[in-house]
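Hi everyone, thanks for coming. Today I'd like to talk about aromatic rings and how they pair up. Let me put the model on the screen.

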Amino acid sequence: MQQVSDDRRRWLAMITVCFAQLMISVDVSIVNVALPQIQSDLHFSQSSLTWVVNAFLVTFGSLLLPAGRLGDLAGRKRVFLAGLTVFTAASLLCGIANSSGLLIGARFLQGVGAAMQASVILAIIVTEFPKPEERAKAMSAYVFAAVAGGSLGLLLGGALTQWLNWHWIFLVNVPIGLAVGMAGRVLIPNDRGIGFSEGIDWLGSLLVTVALAAAVYGFVEPSIYGWGSLHTLAPLALALVLLVAFVWVENRHPNPIFPLRILKLRGLILSSAVRGLMVIGVYGMFFLGTLYLEEVLGYGALEIGLAFLPYTVTVAILSLGVNRRLVARFGSLPVMAVGVAVAAAGILMLRLAGTHAGFFPFPFLAFLGMGLGIGSAFSALTIVAMAEVPHQDAGLASGIVNVSQQVAGALGLALLATIATSRSASLYRAGQSVDASLVGGYHRAYEFVVGALVVALILVVTVLRKHVPRLVPEQPRSRNV
């Protein structure tokens, strides 16, 4: 009876942390559709408006690694609940903000809370579900929460902005955060962590946090100032110097925030690299696809959210057990390889969409293909990433998985924006119409995305294949006659 009760608690705990992950994923995209209304109400300039998005990304991306390691040291439940509290309080501040300064400051704080939660969610799932079959089921739910939140955010943001006002895109987090917090206190098991007996690596924590913040900041600035400006090159150079200093410190500290032994886990590092390349495709789909639907086809905010439903629904269906059965039937490697290839085909569908295209067939097939590719590949990639990770390093590994997504996303978005803008400007100067120039720029950026996905596919079928764990099928129960 106790075993049944504990099994139920574990699955309820998994649902709880997945709700927290979904809330973070939704928050990344929900703001985008409300930016025009926010700019009008709070009198943002065009350049300062980007910080409504970037403030969250900078703190979120820079704190994932130290927060993940803090979960290993101090206990993952404590870090998760603390992060949830910060995120919920910051969401309330965002919702009641009546000035640009308060909104940006609250967005910085939101990123802090999101990093504390996201950095330990995967570690909590891994430690709760050590058996491969159960872990595969739990990972499917986690992947849905992590990758489908972007399109759900566009839909929810469009609906709330159109029917109420932009304040509600933040206020909706408050009741959800309170409910998740109460459930988490009851369902997530208490863990002490490995402790601070050998001291705290304050210097390493500071170095990696500032380095990642500088890197993310450097990656988000080119869309405003260009790649050759001091605003871009200075923070990227600072990030490189600090990362070198960080490695030197970690190699000498008795209790490092980032034990360098983690780099020997090839499955974790290689799968994170593949995930990062695929995230460039996801950002390309959302960012450029949204611009295409809005600027060229004339879609409204709610229509854009509805347009991405094929992606969301496909990921959801795969997460309900289809992907797990595919992995059990064919293995993780074929599922990953086919997933990456199908995602590339989806981006090619966007490459075929022109200035006068309807939603069918190309945008629809593109979002459907990306849903099939991401929904199948990400779950297998997550299993590979965490398969070899020791229990005491699960929080740090979870942070690495998330950092690969955030850094790749920030870098990919900056590159895609630069490529698309440069190509569009060149076509416009050559005499093409505004719509044709925009579409030409998007097409050039899609070609870059396809190239990134091809590299990901090569990594999967050459080097990552050696680190793919095998799922051991469940043994049939014996029956007494």
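Let's begin with a group of rings: Phe286, Phe308, Tyr311, Phe359, Phe360, Phe364 and Phe367 form one aromatic cluster. A word on what you're seeing: this is a predicted model, where local features need pLDDT of at least 70 and side-chain atom pairs count only at pLDDT 80 or more, while totals for chains, interfaces and linings use all residues. Residues are numbered from 1 along each chain as its sequence is written, and side-chain values use heavy atoms, leaving out hydrogens and water.

How many aromatic pairs does the structure hold? There are 13. Rings of Phe, Tyr and Trp (its six-membered ring) pair if their centres lie within 6.5 Å; planes under 30 degrees apart are stacked, over 60 edge-to-face, and the rest tilted.

Take Trp166 and Phe170: their ring centres are 6.3 Å apart and their planes at 85°, so this pair is edge-to-face. Trp166 is buried at 0% relative accessibility, and Phe170 is buried at 0% too. Buried here means under 20% relative accessible area, exposed over 50%, and partly exposed in between, with a 1.4 Å probe and protein chains only.

Now back to the cluster. Phe286 and Phe308 have ring centres 5.1 Å apart and planes at 40°, so they are tilted. This pair links distant parts of the chain, 22 residues apart: Phe286 is in helix 14 (residues 266-296), and Phe308 is in the loop between helix 15 (301-307) and helix 16 (309-330). Helices are DSSP runs (H or I, at least four residues), numbered from the N terminus. Phe286 is buried at 13% relative accessible area, and Phe308 is buried at 0%.

Definitions and conventions
Helices (H or I, at least four residues) and strands (E, at least two) are DSSP runs, numbered from the N terminus.
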